Amino acid sequence: MSAYFETATGDLASEALRSFADVHGELLSAHSRFGFLTARDPSATRTVGLLSGGGSGHEPLHGGYVGLGMLDAAVPGRVFASPHNRQVYEASLAVARPGGVLHLVKNYTGDRINFGIAAERLAHKGIPCGRVLIDDDLASDAEGIAAGRRGTGGTVLVEKVLGGAADRGMGLAELQDLGERLVAGCRSLAVATAAHTSPATGGPAFTLDADRLEYGVGIHGERAGSTIHRLPLAGLVERMTTELLGALPADVPVVSLVNGLGATTLLELYAAHGQLARVLRGAGVPLARSLVGNYITSLDMHGFSITLMAADPLTLSLYDAPVHTPVLRW
């Protein structure tokens with residue numbers, strides 16, 4: 001894979017951003033000077049702009065979710081690296097509404113720092129700015145991890161619901177409160193049988209024996225505390241789902257995301273979803289909505305994640321609200 005990173009400018013992320021905007025030009029625009037994307041036809045009913053971002057290498061996150069009913073702007077950094085605070089600041093200026101702008105931030109140190117600096121600059125300019133910190137990764141929910149849970153697959157579901165809420169004209173405080181409640185009721189868990197290819201070395205980011213599985217891998221290739229023996233798909237999904245349900249409110253309908261990490265086939269992902277649905281039925285948990293596919297990847301990692309988000313009637317109505325982005329459309 002390393003050869004693919006040898007582009008004309010030496011900056012794959014910037015070239016991909018411009019190309020993505022060319023392909024989806026009816027939906028979004030690229031601002032090459034500061035490196036961000038904005039919706040070409042944003043909702044007229046919003047009082048607050050929605051902005052998210054993070055490292056490249058997780059496509060279609062975040063640019064794939066820019067458009068009507070979802071994000072007003074996305075700010076990509078380089079591969080697995082936070083965007084610069086200047087990028088976040090300029091993108092925020094571009095999409096702020098009378099009620100300000102809400103930053104949707106995955107819980108990684110670089111993202112927190114750079115979005116935080118941008119928020120301080122916006123405050124000096126008199127632009128209200130709120131933040132929802134997305135920290136849904138169950139595998140990093142441990143006292144020994146100072147940074148706390150990582151932000152992973154739940155990002156997609158949170159962005160969709162908040163997009164629907166923003167379209168209803170909710171204010172900044174309302175959106176931030178809703179986002180925090182969504183995150184509190186959302187957990188993800190990822191597994192992998194093979195690492196992604198390191199852009200720096202061209203080799204695998206880590207190695208696993210043929211009979212082993214990385215249980216709790218991060219989207220940047222962060223390893224879990226230990227590996228486990230590979231399990232049949234039914235047993236693996238049952239273990240993952242049981243652990244996720246243990247971290248959520250009991251007997252509440254859920255929205256699910258079965259997500260590929262880059263090199264997993266749709267055949268495998270739909271089979272995993274089938275097992276997930278079976279386990280949820282057995283547990284008496286209604287499966288209200290489902291997504292299956294590659295929504296937040298880790299370059300070419302072979303693995304998948306499961307996300308469950310507790311869903312009350314308001315959450316479901318906002319999730320069902322119209323959306324038209326390069327990836328999600330209904």
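## Terms and model

Helices (H or I, at least four residues) and strands (E, at least two) are DSSP runs, numbered from the N terminus. The model shown here is predicted, so local features need pLDDT of at least 70, side-chain atom pairs count only at pLDDT 80 or more, and totals for chains, interfaces and linings use all residues. Residues are numbered from 1 along each chain as its sequence is written, and side-chain values use heavy atoms, with hydrogens and water left out.

## The six-stranded sheet

Let's start with the sheet. Six strands form an open sheet with mixed pairing, in the order β9-β8-β7-β12-β10-β11. At its edges are β9 (227-229) and β11 (287-293), each pairing on one side only; two strands pair if DSSP finds at least two bridges between them. From one strand to the next, the twist averages 20°.

Strand β8 (residues 212-215) pairs with β9 in the antiparallel sense, over 3 bridges. If you look at β9, you will find T227 opposite E214.

## Helices across the sheet

Helix α5 (residues 172-184) lies across β7 and β12 and runs at about 50° to β7. Helix α4 (residues 154-167) lies across β7 (186-194), β10 (254-260), β11 and β12 (302-310), at about 40° to β12. Angles run from 0 to 180 degrees between N-to-C directions, with axes fitted as lines to C-alpha atoms, for helices over the stretch in contact (heavy atoms within 4.5 Å).

## A mostly covered helix

Now to helix α2 (residues 85-95), where 8 of the 11 residues are buried (under 20% relative accessible area, with a 1.4 Å probe and protein chains only). Among them are V88, Y89 and V95. Their cover includes β2 (36-39), β3 (49-56), β4 (73-79), β5 (101-106) and α3 (109-124).

Conventions
Buried < 20%, exposed > 50% of the residue type's maximum accessible area, 1.4 Å probe, protein only.
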